[in-house]
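Me: I'm new to reading protein models. Could you walk me through this one, a question at a time?

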Amino acid sequence: MTRFRQLMAGAAIVAVSAGLAAGSAQAQSQSELERLTAQLESALAGQSVAIDVRRRAGIAAVPSGFGLSGGTASVSLSGSYGPPRGPDNTRFDASTAIAAGFGNPATAVGVEVGLVNTSFRRFGHSGFFTLGVNRQFPIEGGTGSVSVSASNIAGWGDSRNNPVAGTIVASFAYSINGRPVMATIGAGSRLTRNNEAGIIAGFGMSVAPDWAISAGVVGDSPIIGASYFPPMLEGASVNFSLRDFDRGSNTVFGVDLGYAFNLFGR
């Protein structure tokens, strides 16, 4: 497998579990929900998930420009611990998400459709759809991708009245002195704590086989994180993130589990 494909796979696989953070904001503010659900559009690029890839880079809990392509899918489970929220003032929350891809982002465009379940305790009682398109392009020493996505489409339950939010994100997977890295830049609507437009940025790098670390910002929320790629299960990733750590007791700790796979078993 070439380094070019290694970097693509690394960026894509870690992006799968980035989408998990979407549901962890069920009872949080509208801006938190929309900021995190945009991450669902981050997923598998191409069909390289079936290949054993070591030393990968990614950016935990930050939306990615890489997206799903035809014949691939992702599933996710997210949990978080943060400030009291909801009618029972719980500090714990969780959610699930699924997504499927169509098209070819390397030669034309990839299209992805997702479903986010934001109600974990009353499973399926609240959620919405997401829709995104992505396009890959070569860069020196690696690859880049741009994704345009929308969330809060046709919501129900607690998400019924949430306005549609959009993002545009570009990500670049390459290497520095032989070490895989990933950089992301973008913008979106309703990203800040006051539901205003904001920026998306992040940088991640491999630090050991199966491990990467990262830092970024989404709206006005700083994020640091680490990603683990279980070698015993290809296509799986575990992301740990610390968000809003500048807010003292309002800091949110998240653990996101993701799995990307080829629908046709190749």
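**Burial, barrel and surface**

Reply: Of the 266 residues in the protein, 56% are buried (under 20% relative accessible area with a 1.4 Å probe, counting protein chains only; exposed is over 50%, partly exposed is in between). Keep in mind that this is a predicted model, where local features need pLDDT of at least 70, side-chain atom pairs count only at pLDDT 80 or more, and totals for chains, interfaces and linings use all residues. Residues are numbered from 1 along each chain as its sequence is written, and side-chain values use heavy atoms, leaving out hydrogens and water.

Me: How many strands close into a barrel?

Reply: Helices (H or I, at least four residues) and strands (E, at least two) are DSSP runs numbered from the N terminus. The protein has two helices besides its strands. The barrel runs in order from β1 to β12, with antiparallel pairing (strands pair if DSSP finds at least two bridges between them). The number of strands closing it is 12.

Me: Which residue in β4 is the bridge partner of Leu-115?

Reply: Strand β3 covers residues 110-117 and strand β4 covers residues 127-139. They pair in the antiparallel sense over eight bridges. Leu-115's bridge partner in β4 is Phe-129.

Me: Is Trp-211 buried or partly exposed, and what is its relative accessible area?

Reply: Trp-211 is found in strand β9, residues 211-218. Partly exposed lies between the buried and exposed cut-offs, so Trp-211 counts as partly exposed, with a relative accessible area of 34%.
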